[in-house]
Structures are given as structure tokens and as C-alpha cells.
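Please have the sequence at hand while reading.

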Amino acid sequence: MSRDSHVGPWPRPFGLEGTGFLISVVIPAYNEAAVIARCLQSLLRDRQPGEIEVFVVCNGCSDDTAAVARGFGEPVRVIETDVPSKTHALNLGDAAASGFPRVYVDADVVITLPAIRKIAAALEQGPALAAAPRPVNIFLPGTSWGVRAYYRFWTALPYIQEGMIAAGAYALSREGRQRFKDFPDVIADDGYVRLLFEPHERVQVPDAVSEVIAPMAIRDLRKIKTRSRLGVLQLRQRYPELASREAKTKHYRNALLEVAGRPSLYLSALPYVYVAIASWLRAQRQMNTSGRYVWERDDSSRQAERPKV
């Protein structure tokens, strides 16, 4: 039997004061005590009254994530569940939230309130129903050359500029959130949501940035990329029609040909190809041998202090 609980009053009615609308932010958190303060400080700085509500959903935590989040007071609400599931946490936060746009943020990502305002404006103006910031990879002082090279090549691929790819945050308008009922139990919640929208219905807001802290070493990068590949394989298996529609919009061959015209990236291609192949093989092996995935997380990037660019 699971135990789900919340702390603090439930949110004020939509658009009660301040800017005339209430942005709801849902942050699923699993043992994120080292980084949750960094995330919340960025979100809450310079907020206006009634502008934003934040739900930190601690799922299966055994550390002080909930206590750290409670320390921020209003407008942060803490929900706790003993079910260690990101999608369960998203559903709990969604059920408690009242505002739109609805923004979903990973606890180890740094995104500012001005960036979220820009995303909200993009959704309000339409026609997009889903939006995401532009991801910027932040490297720690000890990050290996291989990891830096991987991301140098990866960010040069044209389809990375599309909305809702590896940004650690995404947002849905009220109409967009009506596209599905609950988050299904999947590895890649962002991938699932992305599949629900046609390319013209989603947008990357280029002047809204999310800072995603890169892993320290290739072995750490391989872990999170294996999880990413597992997410793709699972979505293909469970939602073949949606996955097929998405695949038709991708032109990987053209993307590689475009990058091939940039000799400065040739050396960076080596770690990229290695990680891509190794993670796919590991993901396939996990799916084929057990039918279940192994959730692999990178802890090397989870440091309390926000690194400098």
C-alpha cells in the first residue's frame, strides 16, 4: 500500500492575482537533496504574487529532499509518496496543480522564471500546444574530453533544435494537456508527450534556456544514454503508431551528411559514435534478456553548487 501525502494549502484559484494567470510547475524528485535547492532558487527568484506555484513530488526518497523543499515555504508545496516512480510523481503533481501552462521540470535542471515566462508566452500566442526551452550543457571542471566532444557533436545535429529534446523541462498549454489523461508508466515521459504532438504543435523557445549539467565521464554518459535508448525502445513497443509517425519526420541521413561537411567535428564524432553504439547495445540487451529496464542514473553531475559555464 503506497502512502501519498502533501504539505501546505492547496493552490489558490487560477489567475487570482498578480499577472492574471498562474503557472504550475511540477518537479518529480528522487533523492535530489543535493540539487533541489539550486532548482527552486532559480525558479522562484523575482516571482510576482500569484504568478507561480511549484509542486515538489518526492517519490521513494530516503534523503532530505522533502525537508529542503519545505524550507522554501510558499509557493512550494511538497507531496510525498513511497512509490519510486517518476510518472506516478508527475500524476500526483498534476492532480494537485491548477494553473496553466503546466511545466514539468527535472530536479537536477536549472531553469529561471524569466525563461518559463517566455515559454508561457509562446504557448499563449499559439499555435503550439507544447513547448520546451533550449538545452545548454554545463560542464563541471573535471568533465572529461570525451563527454565534451560527445556533446559538441550531438548539439550540431539539426534535429536537436526541435522542441522537447533533452531539455530537462517541457510545458503544455491547457489544450495541450487535454491530449492525454494520465502519464503512463514509461521510462521517457518527455518522449511520450512529444509523440502526442505533430511537429507544428510543439516548439523550442530559443531564448528560454535550461541548464543541463553533463556527466563527468564517458561511463556516466553511457548510463544515461542507455536509459534514453531504453525509453525509445519501450515507446516503440507500446506505441508503435505514434513512434512510426515520429520516425517519418526524422532525417538522420541528411543530418549526418550536414555534419560531415564540418571537418572541425570529425574528432568529436569518435566518442559520439562509441556512446551511441554502446548504449543501444546495452539497451537492447536489457530489453531482450528480462523484458524490464534497469533505471541508470548519473550521480556525478549532482553537485550542490551550481557550476559555471
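Two residues are in contact when they have heavy atoms within 4.5 Å. By that rule, and not counting residues up to four places away in sequence, Ser 144 touches Met 216, Ala 217 and Ile 218. The model is predicted, so local features need pLDDT of at least 70 and side-chain atom pairs count only at pLDDT 80 or more, while totals for chains, interfaces and linings use all residues. Residues are numbered from 1 along each chain as its sequence is written, and side-chain values use heavy atoms, with hydrogens and water left out.

Ser 144 lies in the loop between strand 7 (130–138) and helix 5, where helices (H or I, at least four residues) and strands (E, at least two) are DSSP runs numbered from the N terminus. Two distances describe its setting.

| Pair | Distance |
|---|---|
| Ser 144 C-alpha to Ile 218 C-alpha | 7.4 Å |
| Ser 144 side chain to Val 147 backbone nitrogen | 3.3 Å |

Is Ser 144 buried or partly exposed? Ser 144 is partly exposed, with a relative accessible area of 23%; buried means under 20%, exposed over 50%, and partly exposed in between, with a 1.4 Å probe and protein chains only. Helix 5 (residues 145–154), by contrast, is mostly covered, with seven of its ten residues buried, among them Val 147 and Trp 154.

Terms used:
Polar contact = N/O pair within 3.5 Å; in protein donor to acceptor, adjacent residues only side chain to side chain.
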